[in-house]
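Dear colleague,

I am handing over the structure below, and my notes on what was found in it follow directly after.

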Amino acid sequence: GDHSDRYDGGLYDKERFAKELISEFPAELIPFYLERIEDNIFTKTRDGYNKAAEYAKILKQIYVKELKQEPKWQEWIGTIRNKYQKRPALLDEFKSL
């Protein structure tokens, strides 16, 4: 329907905008990406897990490259793997991170 297209477009713009802002406001964008990750994990679908992994890749970039806080990234990804250890499809999507 009409409404969902508009919503998707808005989200797309927001994401494109967020990517452009990463180098300027990395810390401020963490909550945005954490929310996207949670929302996609919540779907419990392979597609959702795949999208979550894409967002997690960006989160990793923020922690490791922009903020130089690799231990924080390791802690976060460790928590995710622990929390969702009974979801092999999710772990599979996240294995390259």
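How are α3 and α4 oriented to each other, roughly parallel or roughly antiparallel? This is a predicted model, in which local features need pLDDT of at least 70 and side-chain atom pairs count only at pLDDT 80 or more, while totals for chains, interfaces and linings use all residues. Residues are numbered from 1 along each chain as its sequence is written, and side-chain values use heavy atoms, with hydrogens and water left out.

α3 and α4 pack at an angle of about 150°, with their axes (lines fitted to C-alpha atoms, for helices over the stretch in contact, with angles from 0 to 180 degrees between N-to-C directions) 7 Å apart. The two helices (DSSP runs of H or I, at least four residues, numbered from the N terminus) are therefore roughly antiparallel, the term for angles over 145 degrees. Their contact (heavy atoms within 4.5 Å) is made by Ala-56, Leu-59, Lys-60, Tyr-63 and Val-64 of α3 and by Glu-70, Lys-72, Trp-73 and Trp-76 of α4.

Tyr-33 touches, among others beyond four places away in sequence, Tyr-55, Ile-58, Leu-59 and Ile-62.

Best regards

Definitions and conventions: Angles under 35 degrees count as roughly parallel, over 145 as roughly antiparallel, 65 to 115 as roughly perpendicular and the rest as oblique.
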